[in-house]
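Trainee: I am new to this one. Please take me through the terms as we go.

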Amino acid sequence: MLNYVEKIADLIAPQVEGLEREEILDMIERPADSKMGDYAFPCFKLARVLRKAPPIIAKGIAEAIQDDPMFEQVQPVNAYVNMFISKEEFAREVVTEVVAKDEDYGKSEIGAGRPVVVEYSSPNIAKPFHIGHIRSTVIGASIAKIYDFLGFKVIRINHLGDYGTQFGKMIVAYRHWGNRQDVIDEPIKTLLSYYTKFHEEAEKDPSLEDEARATFTKLENGEPEETELWQWFRDESLKEFNRVYDMLDITYDSYAGESFYSDKMPRFIKELEEKGLMEDDEGVKLVRLDEYNLPPALITKSDGSTLYITRDIAASVYRKETYDFYKNIYVVASQQNLHFQQWIQILEMMGYEWARDCVHVPFGLVSLEDGTMSTREGRVVFLEDVLNGAVDKTREIILEKNPDADPEKVEEIAKAVGIGAVVFNELSNYRIKDYVFSWEHVLNFEGETGPYVQYTHARACSILRNAGDDIVAKAKAGFDPSYITSESAHALTKLLYAFPDVVLEAGEKYEPSIVTRHIVDIAQAFNKFYHDEHILTDNEDEKVAKVAMVLAAKAAIRNGLELLCMKAPEKM
RNA sequence: GGGGCACUAGCUCAACGGAUAGAGUAUCAGACUUCGAAUCUGCUGGUUCCGGGUUCGAGUCCCGGGUGCCUCGCCA
């Protein structure tokens, strides 16, 4: 497909001495207001170079390039050159391309099969999977899809929080107050109650803390009794998590969590010592990072057991050795910014050049209306409940509109739309923003929401069904673009054209919300097109062209939803 | 106290350093015998937290201040 910005830069470059083509390329804009053209070139910066007033420069450039067949019109407006591209040719080119590529539209080869590791979700075993966990889970899953789409080989890792002193606490609690059957019946709830109980009791009897630390040390040393209990807790917890992953349709290539690295850490502790990076402070081993303006990073505790950062060092080296990643992405809350800064700094100090290929992708905090979530205080909203709530509401809406629908179909669509609504909502805003969870907000299905976009897709499918296979086949074979040059059609075409760039940008910025916003724009533009014009007209040539447009819009929306880990039902 | 992030319409949020700061939502007024009303059209809504600076031009970049959140040696 023709790259319009590049072409425009080629045209303008010879008109402007003293500015590189690349600089000109950067200056070309896409005006928000279509009255100012499809592309615009501001001439302010040229005033100094050319020693002329910007409007005069704009006029000169406009006159020099206006005869190119790419343009319908070029007009100088004050300091701007406003360019209107030839709508017919543009529509022919873009819609043909999107229809032809269909499910592949927006894909790219720039990844060239290079491996990219994405770590996401990574919940703590034996703790409830709450609404806060949706962030890493869904943002990470979407980033993984986007990199897949861009031609990278993606390795998805769930770095389970299945290790640490907390398991010492849980084992201690289980031994003192636990019951085997309770754990089997309701693993997360029961294990959580042990954790809570432990903290209550530890306030009265601080020696429990020491017992827990000692127990974890035994676990780390591979003592059979502790290991067996831990394994059992882990298995039961994972069963519950998988229920949520199944609902979200999220998969992993590896569940190697913190425990996986338990035997891989001594090597790095030794390495840190040998490289003279480690210091001993009353039995605690740490790396000083003063010269990088960071607080010291603790590597091992005074009892010799490891800490979070030690495991992350081991994990990253393991990933480099196992996958030889081009990029190693961590989708982890912004609360851990300091931890990741320290970790990456230590990797660099150890001399690992690939440290610069590691990226922390942070995101903001989810809180509840009555404050920060606290599993210990029971102030928590379970993700599974939110997903089920959204499915329930969707089912109600479907049955209201269509009481005689096939129950099996209803269930399938209710899941696609309800869960999609929650996912879409999560991926709507910049990930760095904090937000307060609200049932009202997540169950709103009107306006800029997942159901709105899915509805638009279903509507497009419906039109295609009504058009009939014949017309659809003709539209795929070719069409007369002069029928799809109206203002609303052109606005839609421009958005379809931008889609591949949007995917690329979302990947570069690790920001799925860019895709989310763009498919909302496409849906809005499609709905406007739909209302402004009659698609299935009596004039067959016109109908074929407009059906081609519908096919293209449908493909772009579908692909966008796919990148957000959402389904695109044909009916709803 | 040190470091980081955020602050834009009543609410939730957009805006490659560019033209009159835009959507959704809420309120109100309209549009289904016509391709799907989970839709669309229209009205209302702004000291972009405050103060300086940089420049042709600042919501955007720099400095200072305010407010909120996160974080700072044995949790992850």
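Mentor: Start with residue classes. Ala, Val, Leu, Ile, Met, Phe, Trp, Tyr, Cys and Pro count as nonpolar; Asp, Glu, Lys and Arg count as charged; the others, Gly among them, are polar. Now the ground rules. This is a predicted model, where local features need pLDDT of at least 70, side-chain atom pairs count only at pLDDT 80 or more, and totals for chains, interfaces and linings use all residues. Residues are numbered from 1 along each chain as its sequence is written, and side-chain values use heavy atoms, without hydrogens and water.

Trainee: How do the residues of the lining of the largest cavity divide?

Mentor: Six are nonpolar, one is polar and one is charged. The lining consists of I131, I134, V422, N425, E426, Y435, F437 and V442. A cavity is a set of points, on a 1 Å grid over the protein atoms alone, where a 1.4 Å probe fits but cannot get out; lining residues have an atom within 4 Å of a point.

Trainee: Which helix gives the most to that lining?

Mentor: Helix 16 (residues 407-426), with three residues. Helices are DSSP runs of H or I, at least four residues, and strands are runs of E, at least two, numbered from the N terminus.

Trainee: Why is the pair of F152 and Y326 called stacked?

Mentor: Rings of Phe, Tyr and Trp (its six-membered ring) pair if their centres lie within 6.5 Å; planes under 30 degrees apart are stacked, over 60 edge-to-face, the rest tilted. F152 and Y326 are 5.7 Å apart, centre to centre, with 20° between the planes. So the pair is stacked.

Trainee: What makes this pair a tie between parts of the chain?

Mentor: F152 lies in the loop between helix 6 (134-149) and strand 5 (153-157), and Y326 in the loop between helix 13 (308-323) and strand 9 (327-331), so the pair ties together parts 174 residues apart in sequence.

Trainee: Why is W232 with F233 called tilted?

Mentor: Their centres are 5.7 Å apart, and the planes make 35°.

Trainee: Is F152 buried or exposed?

Mentor: Buried, at 9% relative accessible area. Buried means under 20%, exposed over 50%, partly exposed in between (1.4 Å probe, protein chains only). Y326, at 34%, is therefore partly exposed.

Trainee: How do you know that K264 sits over the ring of F260?

Mentor: The rule asks for NZ of Lys or CZ of Arg within 6 Å of the ring centre and within 35 degrees of the ring normal. K264 lies over the face of F260, at 4.0 Å from the ring centre.

Key: Chains are lettered from A and ligands numbered from 1 in the order in which they are written. On a 1 Å grid over the protein atoms alone, a cavity is a set of points where a 1.4 Å probe fits but cannot get out, and a pocket is an open set with protein on both sides within 12 Å along at least five of seven lines; lining residues have an atom within 4 Å of a point.
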